[in-house]
Amino acid sequence: MASPVIAFSGEDELSEALARRCVAHTLPETDFLSWRPAQGGKEAVKNKFPAYLRSAAAYRFLVMLDLDNTACPPSLRAQLLDKAHIEDLPRNLLLVIVKREAESWVLGDRDRLADFFGVDAARVPLQPEDLADPKAVLVHIARRSVAYRRDFCPKQGTSSKVGVGYNDILKDFVRNHWRPDVAANSCATLRRTLERLQNMNGVV
């Protein structure tokens, strides 16, 4: 008998790594099928959203976006529904809107993140979803990491916000160290995502 499948789309590699880990944690017998656009980020996902709705007739579908500077999750949700010319989401599609960036979920597992970077856990914020710029906070924490600061943080004089190894290092952390159930204690959108993954009905 074939394993059940859940398809995924999100705006970047970190979102995919987090979603994959959440599915493995809550639905371990489920195969994870990534439909993340190769490029284009958030706008590409938004443009493809009507196609994901059609696919949700055959697959369970998880779509994950960062809230970023949008006023609130209902506002971003309304944009997607208007674009697709529908009034509500199908039961088979779970829309996850992370406040404000996927990095906030990473910061949620304070102890493991501190151990990974080799820093004091007190440097990791207690309420990561309240941060205006979780990515900048994560980079600031990593600057004290002897093992990772060189590749994780941007070099002086460059315009980049992160280092060349940022994605690979974070994906390694999420795959091998990050605990969704622990991070959910300080990230409300993650907690609701884990709950709704189990029944695949609702919007975060």
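Modeller: Gladly, and let's begin with Asp-109, which is buried because its relative accessibility is 0%, under the 20% cut-off. Keep in mind that this is a predicted model.

Colleague: What makes the contact of Asp-109 with Arg-179 a salt bridge?

Modeller: The closest N and O atoms of Asp-109 and Arg-179 are 2.7 Å apart, and the limit is 4 Å, so the pair qualifies. The two residues lie 70 residues apart, Asp-109 in the loop between helices H4 and H5, Arg-179 in the loop between helices H8 and H9.

Colleague: Why is Arg-179 called partly exposed?

Modeller: Arg-179 has a relative accessibility of 24%.

Colleague: Which residues does Glu-16 form salt bridges with?

Modeller: Arg-20, at 3.1 Å from N to O, and Arg-36, at 2.8 Å. Both distances are within 4 Å, so both pairs count. Glu-16 and Arg-20 are 4 residues apart in helix H1, about one helical turn.

Colleague: Is Glu-16 buried or exposed?

Modeller: Buried: its relative accessible area is 14%, which is under 20%.

Colleague: And what makes the link between Thr-189 and Trp-105 a polar contact?

Modeller: Their side chains meet at 2.9 Å, and the cut-off for N or O atoms is 3.5 Å, so the term applies. Thr-189 sits in helix H10 and is buried, at 5% relative accessibility.

Conventions. Residues are numbered from 1 along each chain as its sequence is written. This is a predicted model: local features need pLDDT of at least 70, side-chain atom pairs count only at pLDDT 80 or more; totals for chains, interfaces and linings use all residues. Side-chain values use heavy atoms; hydrogens and water are left out. Buried means under 20% relative accessible area, exposed over 50%, partly exposed in between (1.4 Å probe, protein chains only). A polar contact is a pair of N or O atoms within 3.5 Å; within protein, one must be able to donate a hydrogen and the other to accept it, and residues adjacent in sequence count only if both atoms are side-chain atoms. A salt bridge is a side-chain nitrogen of Lys or Arg within 4 Å of a carboxyl oxygen of Asp or Glu.
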